[in-house]
Amino acid sequence: MSEVTMTIDGAEATTEGTFDVVNPATGAAEAKAPDCTPQQLETAMASAAKAYRDWRRDEARRRELLRTSADALMAAADDIAPILTQEQGKPLGESTMEVLGAAIWFQYYADLEIPRQVIQDDDAAFVEVVQRPLGVVAGITPWNFPLVLASWKIAPALLAGNTMVLKPSPFTPRATLKVGEILRDVLPPGVLNVISGRDPLGASMTAHPIPRKISFTGSVATGKKVAAAAAPDLKRTTLELGGNDPAIVLDDVDVDAVVEKLFWGAFQNNGQVCSAIKRVYVPESLHDRIVGGLADRARSVKVGAGTEADVQLGPINNRPQFERVSELVADALSSGAVAAAGGRPMETDGFFFQPTILTNVSEGTRIVDEEQFGPALPVITYRDVDEVVARANATHYGLSGSVWGTDVDRATQIAEDLECGTAWVNTHLALAPHQPFGGAKWSGIGVENGTWGLLGFCEPQVVHRSKA
């Protein structure tokens, strides 16, 4: 594949230092990405600060360029998608959809109103609350959906009038760098700088004095470090972190109708979704039918390299995550769990793991208590609804959850008792640009998407005009 470059101050930025990018379908380093130098980081930050002065002043222009950016991404989808599949592993069709999804987020924010609220209009004064941009934003994105999750940050930040320095995960840098190459022909120099590097680069960004906000998506452990690094400078933060999302199946559910949805709610993107189903609670009376249905689907899906025809699940993205999933499944099996399907790595090159359904597990087993973030799903029995809600909530996580049943009102009432940012009823992973997304407890601070996500990139200002 062709080389990709960083974008700093609207121009190509090259560096002698590079790092390997591994293709998870082979386990081999098949590409390289530029390793941003400290001086290049300084240049990127300074460029964003300079560009902010003019970018924040012309809202109509910002909207126009967000629309043009969306069009440019859509036109380049066939060029970006193969890069994403090579470094992330997902099927090529899903990579294409991710590029198009990023474009949709740009389109949405191009048309979203920036709220202004009149709070007083009388003989004494006219008082209005307006939204002002923060300045330079540092964006740090993960490896599971690098492009869509970048758009969740770029589009609202730029609409609000901020500029950005963006760093993708070192596991999946090249597709994001390609996006930077495309958008540097659309956006004014410095508005969006895209750099890449190993993990220490992210720490340098969060500690840098120029950004006024850090928008981070990733693990809880790293999110805590980001929050600590931002605190001395009182930087604003949005942290979208991990989840251990429960799905509670009620006793009146239509099993045949629900199993397919449960499976893909857990295994989309090979289970590498922060808000995917991570554990399923089922009534004892329905256990065998639901486990059997999930296991049948796990055995029937086609697993392979994302470039192969009809592949439904690709590899786990990287070796550390592959080893973590392998360890959690092995730990569960050694503790008495039963693999109704899968249960071990596939005997092939790359980071492939059999789609796995585990039963005879409960709380106290690591794969139930922790976030596996991979193609392994524990199914847990319960007897009492109040009890299972308490068990579902007994975790540091609180990103999302779902409740499944024929009586929608009853299911909704139960869903509202879940301690999480999004509670779905008879669906899961139903995300959209207009819908706020965030987590409770350790699953994050702040929200993304919708007007709420836009306001996360703004500072309210009171404009008070005296009439006296």
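How many residues line the largest pocket, and which lie nearest its centre? There are 38 of them, and Trp-143, Phe-216, Gly-218, Ser-219 and Thr-222 lie nearest the centre.

Some ground rules before I go on. This is a predicted model, where local features need pLDDT of at least 70, side-chain atom pairs count only at pLDDT 80 or more, and totals for chains, interfaces and linings use all residues. Residues are numbered from 1 along each chain as its sequence is written, and side-chain values use heavy atoms, with hydrogens and water left out.

Back to the pocket. The largest pocket has a volume of about 1000 Å³. A pocket here is an open set of points on a 1 Å grid over the protein atoms alone, with protein on both sides within 12 Å along at least five of seven lines; a cavity is a set of points where a 1.4 Å probe fits but cannot get out; lining residues have an atom within 4 Å of a point. Points are joined across faces, edges and corners, and a volume is the space filled by probe spheres set on them.

Which elements build this lining? Two or more residues each come from helix 7 (200-207), strand 10 (213-217), helix 8 (220-230) and helix 11 (319-334). Helices (H or I, at least four residues) and strands (E, at least two) are DSSP runs, numbered from the N terminus. Helix 8 gives the largest share, seven residues. By class, the lining of the largest pocket has 18 nonpolar, 13 polar and seven charged residues. Ala, Val, Leu, Ile, Met, Phe, Trp, Tyr, Cys and Pro count as nonpolar, Asp, Glu, Lys and Arg as charged, and the others, Gly among them, as polar.

Next, the second largest pocket. Its volume is about 510 Å³. Of its 21 lining residues, Glu-98, Phe-145, Val-148, Gln-268 and Leu-431 are the closest to its centre. Helix 4 (92-111) and helix 5 each supply at least two residues, and the largest share, seven, is from helix 4. This lining divides into 14 nonpolar, four polar and three charged residues.

Three cavities of 30 Å³ or more turn up in a search of the whole structure. The largest cavity has a volume of about 90 Å³. It is lined by 15 residues, with Pro-246, Ala-392, Tyr-397, Gly-398 and Glu-419 the closest to its centre.

On to packing. The largest nonpolar core has 85 residues, and Ile-80, Leu-158, Leu-187, Ile-195 and Met-205 touch the most other members. Such a core is a set of buried Ala, Val, Leu, Ile, Met, Phe, Trp, Tyr and Cys residues joined through side-chain atoms within 4.5 Å. Helix 5 (residues 146-160) gives the most to this core, 11 residues. Apart from it lies another core, of 30 residues, including Val-249 and Leu-286.

Last, one residue. Is Asn-449 buried or exposed? Asn-449 is buried, because its relative accessible area is 1%; buried means under 20%, exposed over 50%, partly exposed in between (1.4 Å probe, protein chains only). Asn-449 sits in the loop between strand 21 (447-448) and helix 15 (450-455). Its side chain makes a polar contact with the side chain of Trp-105, at 2.8 Å. That term means a pair of N or O atoms within 3.5 Å; within protein, one must be able to donate a hydrogen and the other to accept it, and residues adjacent in sequence count only if both atoms are side-chain atoms.
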